[in-house]
Amino acid sequence: SVLGIASGRTTRGHRFMSGEKIELASTDDYCSSLKEPGFVLADFVARRKKIVAAVTAAAEKAGGIPIGDDALYDEVTALTEWPVPVTGSFDEAFLALPREVIVATLTAHQRYFPVEDASGNLLPVFITLANLESKEPDRVRDGNERVIRPRLADAAFFWEADQRTALGDRCEALKNVVYQKGLGSLHDKSMRVAALASMLAEQAGADTELVTRAAVLAKCDLLTGMVGEFPELQGTMGRYYATASDEAAEVAQAIGEQYLPRFSGDGLPESVSGQLLAVADKLDTLGGIFMLGKKPSGNRDPFGLRRAALGVVRILVECNLDIDFGEAVVAAAVQQPVSTDDRNKERELMYDFIIDRLRGYFLDSNEELTPEMFDAVRVRRPESLVDFRDRLMAVAEFMQLEPAVSLAAANKRTANILRKAAAETGEHGSVDTALLTDDAETVLYHAMQSAQKD
């Protein structure tokens with residue numbers, strides 16, 4: 001007996017297709033008895049495979065390929081017991097909407113599978129899963145088509161209404177939207193990101209005007225009806241509306257790439273402006289929350305700071321953005337409108353937090369790297385993460401050499417001797433050439449001078 005319910009050997013199958021009680025001879029019979037006569041596929045994995053196959057076959061019959069990620073397939077699998085594919089359609093006129101809008105309408109709102117042709121163009125077709133074998137499948141199809149029409153009509157209305165206002169004309173209204181208590185409005189954040197992005201663009205040799213313009217407009221799409229209805233399209237709709245407002249192509253692309261990467265393994269911004277904007281936006285978020293003293297603790301990370309920090313790491317390293325990372329962290333922290341007792345402490349915590357993500361990024365992706373190698377480079381605090389990567393790879397390569405261990409030991413002993421000598425004399429190894437009496441001493445000194453220049 002569990003929670004007042006006594007265990008037994010009877011169960012029930014599908015509530016419409018199987019009304020009789022099912023008696024189980026043993027637990028081994030559970031799945032097979034529920035399937036027949038119960039009309040329930042109890043095995044989640046088997047049910048999911050059937051759904052994938054059924055959706056794929058239905059899409060092929062309609063002349064296309066289904067669109068659906070693992071999360072959508074998992075959710076539909078969890079919503080059905082006896083999945084039966086149903087193919088529906090909608091008015092071709094709706095194909096004038098941006099692809100992402102149609103996909104979001106079908107998948108996020110209805111858990112339907114959109115269909116595209118071999119060239120990647122959307123078809124006015126969708127696949128859904130009924131949870132029974134209906135005696136009137138046409139009525140099931142009509143019902144699903146009737147539901148999707150007003151959804152797409154709403155999206156078309158937002159698409160047309162939003163474009164009546166140029167994206168740049170929404171900037172002033174951002175002043176009325178609070179970004180985060182203690183960190184000002186969305187307009188304040190946009191201005192901070194623009195200043196930081198401009199500084200990074202100068203270091204990277206990129207077009208500062210394009211990057212700054214993209215940063216100023218980056219959050220304007222949050223005020224549009226479309227993003228209000230589909231929050232997951234933030235940035236994406238900004239790109240479309242920037243293009244419609246005759247903004248530069250690279251500005252529009254950067255706006256569309258500002259949130260990348262959104263999740264582990266996601267793609268990175270392709271344009272330099274997009275890369276710089278994404279880094280600046282994430283650093284500002286990190287700087288603001290750290291200055292508020294709300295760094296993540298344990299498993300709690302309500303502001304997604306771990307994801308933001310890893311995004312910064314991935315973009316800087318994988319896109320070879322050779323910028324002064326330490327200076328960027330300082331700039332992101334200093335411009336926050338927060339009064340704190342110790343800015344330097346919070347800034348160092350932020351720096352260490354991101355470097356800890358860098359540690360995981362390198363050590364998890366390369367078995368040849370060790371924590372000791374990472375710490376050997378970290379103690380030098382390289383200016384850029386690209387330099388950090390190159391040093392780390394150099395250390396790993398050095399450790400593969402046969403004389404590596406003896407060279408490291410000799411270097412350690414030399415360092416210890418020099419450290420002891422400096423402590424005893426109060427000097428730091430300056431050379432008085434007048435005291436070089438032997439030819440070998442003079443030759444060694446000049447050889448070292450020459451090597452240092454190289």
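The crossing of helices H6 and H7 is right-handed, meaning that the near helix is turned clockwise from the far one by less than a right angle. The model is predicted: local features need pLDDT of at least 70, side-chain atom pairs count only at pLDDT 80 or more, and totals for chains, interfaces and linings use all residues. Residues are numbered from 1 along each chain as its sequence is written, and side-chain values use heavy atoms, without hydrogens and water.

H6 covers residues 186-204 and H7 residues 208-217. Their axes lie 8 Å apart, at an angle of about 160 degrees. H6 and H7 are therefore roughly antiparallel (over 145 degrees). Contact means heavy atoms within 4.5 Å. H6 brings residues including Ser190, Met191 and Val193, while H7 brings Thr208 and Val211, among others. Eight residues of this contact are nonpolar, four polar and one charged.

Now turn to H5 (residues 137-162) and H9 (residues 236-244). Their axes come within 11 Å and cross at roughly 45 degrees. That makes H5 oblique to H9. Phe158, Trp159 and Asp162 of H5 meet Met237, Tyr240 and Tyr241 of H9. Five of these residues are nonpolar, none polar and one charged.

Last comes H14, residues 343-365. Its 23 residues reach 33 Å from first C-alpha to last, close to the 33 Å expected at 1.5 Å a residue. Its buried residues (under 20% relative accessible area, 1.4 Å probe, protein chains only) include Glu346, Arg347, Met350 and Phe362. The buried residues of H14 pack against H11, H12, H13, H15 and H16.

How values were computed:
Axes fitted to C-alpha atoms, helices over the stretch in contact; angles between N-to-C directions. Helix = DSSP H or I, 4+ residues; strand = E, 2+ residues; numbered from the N terminus. Parallel < 35°, antiparallel > 145°, perpendicular 65-115°, else oblique. Nonpolar A, V, L, I, M, F, W, Y, C, P; charged D, E, K, R; others polar. Expected span 1.5 Å × (residues − 1). Buried < 20%, exposed > 50% of the residue type's maximum accessible area, 1.4 Å probe, protein only.
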